[in-house]
Amino acid sequence: MGEQSIYTQIIESKTGCKIPLLANNRTVDSRYDPQRDSLRSCQSIKAETHFIILTGIASGILIQTILQNREDIFILAVEKSKAELEFLQQLELIQELGGNKRVRLCTVEQLKDSILELYVPAFYGSLEVIEQRGWTEENKELVPKLQECIQEALAVVSADFSVQSHFGKLWLHNIMCNLKQLDKAASPAEIKIDSNKTAVILGAGPTLEAKINELKANRNNYYIIATDTAFSIMCNNDMTPDCVVSLDGQNISGTHFIHSKEAQFKDTLFLFDLTSNPAAVRKALAFGGRLLFFISGHPLCSYINSNFTTGLPELFSGSGTVTISALDFAAKSGFKNILIFGADFAYVNGKSYAKGTYLDTLYNSQASRLFTLEKQFDRLLFRTPLVKLNEKSFTTSVLDSYRTSLEKYLETKGIGFIQKDDSYILDNSKNQADKNFAKHDQTRIFELDQKLADKMYNSIKNAPVPAICSDLSAEQICLLPLISWLRFYDNKKKEAFGFYLEKAADYYEKYLGRN
């Protein structure tokens, strides 16, 4: 037997509006003049609010009033369950709202996923939760769950926005710089990889130190894929990885590639995300190594790849973790047996990294009697709250999210794994190599010329500013990370999307050197 709705019948207000009656013989809407009351509620919405979560759909009159008075608002309206949504479908207004692009009707169970899908801070800016008091009174037992859903969803959205607002401008700069190096990169079709070997992916966690001797003893049987931080560790142990993967756009990432023995890297494949630090890319080219760019999710990179003959392979990065990108490369290259060393996602024995990273050099150069090496590492360890795993290991919420992202990737790809002796042992035998990955035809004559400038800039300047995020053009989507940065650092944070779109277009033109 289906769940019973909290609504029992449709009645008319004194002004002739159709409104639903609750089981307790009350109504969510005013029985006298629901349109007047809705207008009063609408007028209380802040001018900077462009996304609303409305608890209670009821007659839909409040939703209609908001839409009529604010053309710059998207409404996510929530009801208790499908039973309520089905009951309310007998109202013509609800049927009409169901087809409106500026409205999404959902249940409490669907609320979290709906927020994650629809709320884009770079586009909408501020979010506001509006309660229909009569609905809340009828559903008091749901309030804690509603609050939990909203808080959990916004925590995820906020974390993503935080990253984009921090790196948005830097990513644009890096992409433009790296495109100028594209003609120096190899084509994936030229890259020869012996996938019969065991691929060994190296994170820079503390347990990597104990694996150095094993790596040396089995060097001929291993295809070593080092993350950028682990690259320094390999160099300091007189080992040359077969491949190095980097996706960090920060300037500090260039220090991973400062080494004196450059000649030994001529056979090493350097995989850089197109958003990576350009100084690191230039250093890898100076090594004489083979360079290959990839993309991992930035919309401008995807746009360039789709509209021009760049043929950049795509690697998954999960929550922005280079270890997952290295793993995706190994899986797509056809390796059946894969090991992961140093992916601890924890501080082990009081250490944050294995010995030999750039931090050793950096902290030693800054050390003094009052600001010791140990004090600097301790400050790194205790910068966020620690969670005890066992007697020797502690983690943080960020590190644990990286671990979860890695294991979710393995589960999604159907890659079996076990953890043994501080390592991941993977079985990728059920999956085939990504044939497309090996057959990209990367055009080397690509130039950052007037074609890209005109296609992007003219599309942004001439396209109308959409009212909802789903109506953004491909060119406008490319600028969302930069707009996140603008929203965070610009004093006029409460402006509508069109204001930031105009500013982002000007930044883009500046980086193209056209003004």
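**Note on the predicted model: burial, cores and helices**

1. Ser5 touches Ala83, Glu84 and Phe87, leaving out residues up to four places away in sequence. Ser5 belongs to the segment that precedes strand 1 (7-12). With a relative accessibility of 14%, Ser5 counts as buried, because the limit for that class is under 20%. A polar atom of the Ser5 side chain lies 2.9 Å from the backbone nitrogen of Tyr7. The model is a predicted one, and these values should be read as such.

2. For the chain as a whole, there are 21 helices and 17 strands. The chain has 515 residues, and 52% of them are buried. Of the contacts between residues at least 6 apart in sequence, 67% join residues at least 24 apart.

3. Which residues touch the most other members of the largest nonpolar core? They are Tyr7, Ile63, Leu111, Phe270, Phe272 and Phe293, in a core of 98 residues. Helix 8 gives the most to this core, with nine residues. There is also a second, separate core of 32 residues, and Leu247, Leu271, Ile340 and Phe345 are among its members.

4. Apart from neighbours within four places in sequence, Phe272 is in contact with Ser246, Phe257, Ala280, Val281, Ala284, Leu291, Leu292, Phe293 and Phe294. One of these partners, Phe293, is listed with Phe272 among the residues of the largest core that touch the most other members.

5. Helix 8 covers residues 143-179. Its 37 residues should span 54 Å at 1.5 Å a residue, and the C-alpha atoms at its ends are 50 Å apart, which agrees. Helix 8 also bends, by about 55 degrees, at Phe167. A reader checking helix 8 on screen can look for the bend at that residue.

6. Leu146 lies in helix 8. Is Leu146 buried or exposed? Leu146 is buried, because its relative accessible area of 6% falls under the 20% limit. Beyond its neighbours within four places in sequence, Leu146 is in contact with Thr55, Val78, Val108, Leu111 and Trp135. Among these, Leu111 is one of the residues that touch the most other members of the largest nonpolar core. Leu146 and Lys80 are 66 residues apart in sequence, while their C-alpha atoms are 9.8 Å apart in space.

7. How many disulfides does the structure hold? The count is zero. A disulfide is a covalent bond between the sulfur atoms of two cysteines. For Cys106, the closest cysteine sulfur is that of Cys149, at 9.3 Å, which is too far for a bond because the cut-off is 2.5 Å. For Cys478, the closest is the sulfur of Cys301, at 8.9 Å, again too far for a bond. Cys106 is buried at 1% relative accessibility, and Cys478 is buried at 3%.

8. Helix 13 (residues 322-332) is mostly covered, with 11 of its 11 residues buried. An α-helix has 3.6 residues a turn, so residues three or four places apart point the same way. The buried residues of helix 13 include Val322, Ile324, Leu327 and Phe329. Thr323, Ser325, Asp328 and Lys332 are also among the buried residues of this helix. Gly334 follows helix 13 and has a positive phi, near 95 degrees.

Conventions: Residues numbered from 1 in each chain as written. Predicted model: local features only at pLDDT ≥ 70, side-chain atom pairs only at ≥ 80, totals over all residues. Heavy atoms only, no water. Helix = DSSP H or I, 4+ residues; strand = E, 2+ residues; numbered from the N terminus. Buried < 20%, exposed > 50% of the residue type's maximum accessible area, 1.4 Å probe, protein only. Polar contact = N/O pair within 3.5 Å; in protein donor to acceptor, adjacent residues only side chain to side chain. Contact = heavy atoms within 4.5 Å. Core = buried A, V, L, I, M, F, W, Y, C linked by side-chain atoms within 4.5 Å. Expected span 1.5 Å × (residues − 1). Bend = angle between axes of the 7 residues up to and from the residue.
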